[in-house]
Amino acid sequence: MAKRIVTLITDFGHDDHYVGALKGAILSVNPEATIVDICHNVPAQDLVAAAYVLRCSYQYFPSQTIHVVVVDPTVGSSRRIILTSGDHYYFLAPDNGVLSPMFALEEVSSVREVDAEHYYRKPVAATFHGRDIMAPVAGWLSRGLDVSNFGEPIDDYVQLVFPMARVDAGGFIAGRVIHVDSFGNCVTNITRELFAEAGGDVENGHPILRVASSAIDVFGSHYSQGKEGSPLLLFGSSDFLEIAMYRGRANQALGIERGADVQLWI
Amino acid sequence: MAKRIVTLITDFGHDDHYVGALKGAILSVNPEATIVDICHNVPAQDLVAAAYVLRCSYQYFPSQTIHVVVVDPTVGSSRRIILTSGDHYYFLAPDNGVLSPMFALEEVSSVREVDAEHYYRKPVAATFHGRDIMAPVAGWLSRGLDVSNFGEPIDDYVQLVFPMARVDAGGFIAGRVIHVDSFGNCVTNITRELFAEAGGDVENGHPILRVASSAIDVFGSHYSQGKEGSPLLLFGSSDFLEIAMYRGRANQALGIERGADVQLWI
Amino acid sequence: MAKRIVTLITDFGHDDHYVGALKGAILSVNPEATIVDICHNVPAQDLVAAAYVLRCSYQYFPSQTIHVVVVDPTVGSSRRIILTSGDHYYFLAPDNGVLSPMFALEEVSSVREVDAEHYYRKPVAATFHGRDIMAPVAGWLSRGLDVSNFGEPIDDYVQLVFPMARVDAGGFIAGRVIHVDSFGNCVTNITRELFAEAGGDVENGHPILRVASSAIDVFGSHYSQGKEGSPLLLFGSSDFLEIAMYRGRANQALGIERGADVQLWI
């Protein structure tokens, strides 16, 4: 039996039985499955947030890992469930666009519509496809079954356009705060790669970030380089530009919320 | 060695070391144990809430799973610890009534008082029987030991009467909101089964639910059938009638809290 | 392959992908690893709180368990990462003092500076040594590698002095509330052992605890011995003196916060 790890990203929180039931349904198919919680506190029905969590975590797992995303506002409707396979990972999620960033980042060799009902848990509750469809499919997949068992390839799956930073003609990179983490660090969608492409240079240049009413020009590589109470820019562990504050909370100190526009002057 | 999964339902939350210590005590007996968190955010010492979580999750696990419930307001007193066995599952919990719904739902062949002290972790802390009694017993049970090793059968275990919906002579089903989930869905104790027994018919009838100051007559099968901002009735994934709101929070919009009375006019 | 469990204590919370990425990095080295969450809600960068959680949980795990503590305010700076080995457990953490209590409690045979870069995940993010250094090292260690592979012994590791209770010349034990748990129990740093050494005797004496504006003289062994709404003293499951309240929250009722001074008059 092949050993494929199953990870979970959901908006179920930790106050209900939903995550437990989902794990039980996986283990009922494969009692040997290794299940890893990535995050269950995705804001309710927030596809962009779920995609961010996936984007920042999937690549740290062993090859063949099955990443399951259950953020599913239209569960029970005719929206499909899709399963992708590629060089490294499987992704299983509602066909609502939550996997869109993966199509750009990963070599995906097939996207299939999951419709092989004989693998479902019966009866299927219209309000919980995570438990009754995605969990058993993940369980069977973790036992080594080939993706071709679960449905035919499709090419009209939903693709969402996620907010991307871009180089503006005015000479700056226009971006956005896409996540505020539990330390108060404000993560933007400006990547280290885009910064380099735009000619940015932390060593020899003097980049300045404008956000809310602040202009920040202190660049570092790690949090404790900053002065206490002063904001600091750095490229974080997922290579996104972050606004941080050593021994402080940048979001509160600077009044920054997710969605805030930023301008990085190079 | 038999493979029996151990699940945990507690009111320990996630801010303390309690869940970790409990898992360590299980693994000290059986390092190969598969331990699954169902929920640790049961409101403190709330037996009804714990029983609800168990009721909605236990049946999705493989046969032979050991369900451990550590919600234990009188830990350290003379209250007993009980272990049930039946056709499908084991349940291990304080004898405080938290397992009562299981006796109605499951074929239970024995209920035993756990008193085989040689399986306990020593010394036993009077404030943490979960760690020092229930965890090691679950560990030994997960290794395949028979329940007869842990104590003798009893029949005077505590039975709590949980609030049940009932058909009222006035021509409606009288029930109650027994849970508000993290999406704001208000779960009542009116089951699909009771609704059918009472002659309810979503297709051909026109059922109306009265709750707080609202009367709701829109019935669906899944959340996204509702209009944004309007309440919707549906039978949820555990076959309880729920009050939901697509892209909204029914509890906040309608002012509904756990414990609220509901009347379903058929 | 040896079977060594890996436990995690972090201040990452549950809202981000950090814990998931860390687990992925462990599993990428050892897909068979058993990983146990002890606590991820340590207050941000709070070494004292992290040490308390470790102190109260590590000893319940099987021998050879690898305890990993990722509370790391100065990540990316020149602070070292240390790995200890002893008779029972491994501890892996930043060299910031968070392990100090372990050196007193456990027979530690070596403390090593982790610097064997060929075991690291590359590239190493300056902001996430948990994922890129500690996780892979824990993964390799869980596969049975000897600690000598990861670096040389050192003896100049950081030792923090944690607040200890002491017998005061005035005839009382002076201590402090070091933790308020999720039930509202206020845990002090007065141990059962210190109390006995100071001549305390619950059976025959009449100890009184002064805290905030209260004087508490009711001693018990478990929570439900207390009257509802009245405070109760007891030695808890980690042998620290606690202020509790049956069916109540002692911290709120008495206005006690972490850090509050207490005096136990024997």
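Let's start where chain B meets chain C: 12 residue pairs are in polar contact between these two chains, with both residues at pLDDT 80 or more. Keep in mind that this is a predicted model. Salt bridges are another story, as the count between chain B and chain C is zero.

Which element gives the most to the side of chain B that touches chain C? That's helix 1 of chain B, residues 18-29, with eight residues. As for the make-up of that side of chain B, its residues divide into 12 nonpolar, 10 polar and seven charged.

Here's the B–C interface in brief:

| Item | Value |
|---|---|
| Residues of chain B in contact with chain C | 29 residues |
| Residues of chain C in contact with chain B | 31 residues |
| Area buried between chain B and chain C | about 2500 Å² |
| Part of that area from carbon and sulfur atoms | 57% |

In chain B, the residues that lose the most area to chain C are B:Asp16, B:His17 and B:Thr127, and together they make up 23% of what that side buries.

Now for the sheet in chain B. Six strands form an open sheet with mixed pairing, and they run in the order 2-1-3-5-4-6. From one strand to the next, the twist averages 20°.

Strands of a sheet pair through backbone hydrogen bonds, in either a parallel or an antiparallel way. Strand 1 (residues 6-10) and strand 3 (residues 66-70) of chain B take the parallel sense, over five bridges.

Key. Residues numbered from 1 in each chain as written. Chains lettered and ligands numbered in written order. Predicted model: local features only at pLDDT ≥ 70, side-chain atom pairs only at ≥ 80, totals over all residues. Heavy atoms only, no water. Pairing = 2+ DSSP bridges. Helix = DSSP H or I, 4+ residues; strand = E, 2+ residues; numbered from the N terminus. Axes fitted to C-alpha atoms, helices over the stretch in contact; angles between N-to-C directions. Contact = heavy atoms within 4.5 Å. Buried area = accessible area lost by both parts, 1.4 Å probe. Salt bridge = Lys/Arg side-chain N within 4 Å of Asp/Glu carboxyl O. Polar contact = N/O pair within 3.5 Å; in protein donor to acceptor, adjacent residues only side chain to side chain. Nonpolar A, V, L, I, M, F, W, Y, C, P; charged D, E, K, R; others polar.
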